[in-house]
Amino acid sequence: MNVLSVENITKSFGDRMIFQDLSFGMDQGDKMAIVAKNGRGKSTLLRSLMGIEPLDSGRVVFRNDMTIAFMEQAENLNPDLRIIEAVFDSELPALKAVKEYNEALMSQDLDEMERLTGLLTDLNAWDTEAQVNQILSVLKLDDPQKKISELSGGQKKRVALAQVLISEADILILDEPTNHLDLDMIEWLEEYLSKSRSTLLMVTHDRYFLEVVCNHILELDDETLYKYKGNFSYYLEKKAERQEQMQSTIDKARNTFKKELDWIRRQPKARSTKSKYRVDAFQDIKKVATTRLEEDELEIPVKMERLGSKIVEFHKVGKSYPNKIILNDFSYHFKRKERLGIVGANGTGKSTFLQMLTGNAELDKGKVVVGETVKFGYYSQTLLETDNDKKVIDVIRDIAEFIPLEKGRQMSAAQLLEKFLFPRNMHFQFVYKLSGGEKRRLKLLTILMSNPNFLILDEPTNDLDIFVMSVLEDYLRAFEGCLIVVSHDRYFMDKMVDHLFVFEGEGEVKDILGNYTSFRQKQIDAKRDKQVLVARNASTEPEKPVVKVENKDSNSPKKLNFKEKIELEQIEKDLERLEGEKEKYTQILSTSTADNQELMEAGIKLKEIMDSIETITERWMELVD
């Protein structure tokens, strides 16, 4: 059943065309995402669908009986309301009825309560308040009586998301729903939206999110919409095929163009009708032949100062605030080419740790020693701050007109901007006209230009499109200095880091070898093992006197009960997983490229795995027997 029809819509700002003659539709239950480079009009498209931005032409038709909830990238909440009031500030029938019922309850209006009791029953909305409390709890909005004006930007974003989710509208339209969520929240939201019956249209740069949640991808490129029926992996595969076909078409057109150009030059000015037709066709060929497929290349060969033997050392560092411990006797020595990810719930001290590292926060005890050759490049979550009359190229020229490169070469500010995916036509554009993602990309460029050898990226993927993130990953893989990443983008984190600091609160920081996905899988396995243990203990009953009964079938095998069957199935899965891990660490021990530290750690892990295999194999044999 079709719930949304978009027919030949066009939108421009002055002489800048955002999109032209776009058409697509959505059926009930579709989970669709729009992807595009920053500044190509994703948010404008969503706002146009909602009627917030007027269209130049075309029309948008929603099915009449559908309820719609929209979350914008910039939240628009009444600062005078409390969180719980903002969440219920809706015209959706169920939320409106719950809000009115609570008001009637407060005023003891019995007639109104009786009327609303019937309405809540008809709307099946009695459990709405419980759902509200659950969603607020997951999004860590623990004080529902707090005023919106007292919240941080991230908290306001989560209130806006809660409004939309609680509405349970037929159609959800979400602009960057994962921004300002921690990793646990994102995983919960993934599961929630995957199971939701709502039709979903969203803009997001979280590639795991696109992979798990979406079954349709729309790519907005060159004012045109390309449609892919599948998840993110399918989209990447089919986009590559489309670009190959397009390149083949361009190559053929260029060959034809050379022949036709030669014909055009040789023909006299007076031409027959047939010749004029060929001239007109020549213009179409020329348009295709001169097409250039954009390549996402981020090549920044900026010269980096070499790191010395001493980089950064933490010596028994302690830091706390009233009612909150950040670090407790924390010690660590950073090594060359360190690639560290930092994870932890909001408020556990990740940002404070970075400030202590860079000398911007005082210590309660201990010391942080920074090597003489270390030059920090700190990319924070704040937007680029500049004058309104500043142009893009001026931001770079303020740092340097020419940037020194390796081997004594240099590059102009304009050339560097092009390398960082700012085409010439954007160089003299005012910075305030850039999209949020373009401003972040420009800020990142200014930091990299400062020639750091210790790079700290605090949520670098916020508002950056998937194309820029892909080429940023290519650059960072070749980066020879130390790298610290704080990010809610699991895909980015997995590709960039080789170990994690896990901030668990109360001053506890664990150093975990591996990327985020392996860490998360260990958490899930540990939680499952604990649940199995609890279930096993709960099923244990006090021993009863054994009464022997003569039975001719006493030697027949005893049947497994339901819980034992579940336990046996789980053990078989665990054995398969452990055998895979055993093979992995065995390979590390047998490779000649591993260093001593890796070999030692692999040996410890392999012994732990072998012990686990032996223990659960004994239990498996008991159950099988």
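Which residue just after helix 11 takes a positive phi? In this predicted model, the residue concerned is Gly359, whose phi is about 80°. Helix 11 itself spans residues 350–357 and is mostly covered, with six of its eight residues buried. The buried positions of helix 11 are Lys350, Thr352, Phe353, Leu354, Met356 and Leu357.

Positive phi values also occur at residues other than glycine. Most residues of that kind have a negative phi. One case is His180, which is not a glycine and yet has a positive phi of about 70°. His180 lies in the loop that joins strand 6 (171–175) to helix 7. With a relative accessible area of 33%, His180 is partly exposed, because values between 20% and 50% fall into that class. A further case is Glu506, where phi is positive and near 55°. Glu506 is placed in the loop between strand 19 (499–505) and strand 20 (508–513). The relative accessibility of Glu506 is 56%, so this residue counts as exposed, the cut-off for that class being over 50%.

The packing of helix 6 (residues 153–167) against helix 7 (residues 183–195) was examined next. The two helices pack at an angle of about 15°, and their axes are 13 Å apart. Helix 6 is therefore roughly parallel to helix 7, since angles under 35 degrees are assigned to that class. The crossing of helix 6 past helix 7 is left-handed. On the side of helix 6, the contact is made by Arg158, Leu161 and Leu165. Helix 7 contributes Met185, Trp188, Leu189, Tyr192 and Leu193. By class, the residues of this contact comprise seven nonpolar, no polar and one charged.

Ser43 belongs to helix 1, which covers residues 42–49. The relative accessibility of Ser43 is 24%, and Ser43 therefore counts as partly exposed. When residues up to four places away in sequence are not counted, Ser43 touches Gln73 and Asp175. Ser43 and Gln73 are separated by 30 residues in sequence, whereas their C-alpha atoms are 7.6 Å apart in space.

Glu53 is located in the loop between helix 1 and strand 4 (57–62). At 19% relative accessibility, Glu53 counts as buried, because the cut-off for burial is under 20%. Apart from neighbours within four places in sequence, the residues in contact with Glu53 are Lys11, Phe13, Arg47 and Ser48.

Cysteine residues were considered last. A disulfide is a covalent bond between the sulfur atoms of two cysteines. The structure holds zero disulfides. Cys214 has a relative accessibility of 5% and therefore counts as buried. Cys482 is likewise buried, and its relative accessible area is 0%.

Notes: Residues numbered from 1 in each chain as written. Predicted model: local features only at pLDDT ≥ 70, side-chain atom pairs only at ≥ 80, totals over all residues. Heavy atoms only, no water. Disulfide = S-S within 2.5 Å. Buried < 20%, exposed > 50% of the residue type's maximum accessible area, 1.4 Å probe, protein only. Helix = DSSP H or I, 4+ residues; strand = E, 2+ residues; numbered from the N terminus. Axes fitted to C-alpha atoms, helices over the stretch in contact; angles between N-to-C directions. Parallel < 35°, antiparallel > 145°, perpendicular 65-115°, else oblique. Left-handed = near helix turned anticlockwise from the far one by under 90°. Contact = heavy atoms within 4.5 Å. Nonpolar A, V, L, I, M, F, W, Y, C, P; charged D, E, K, R; others polar.
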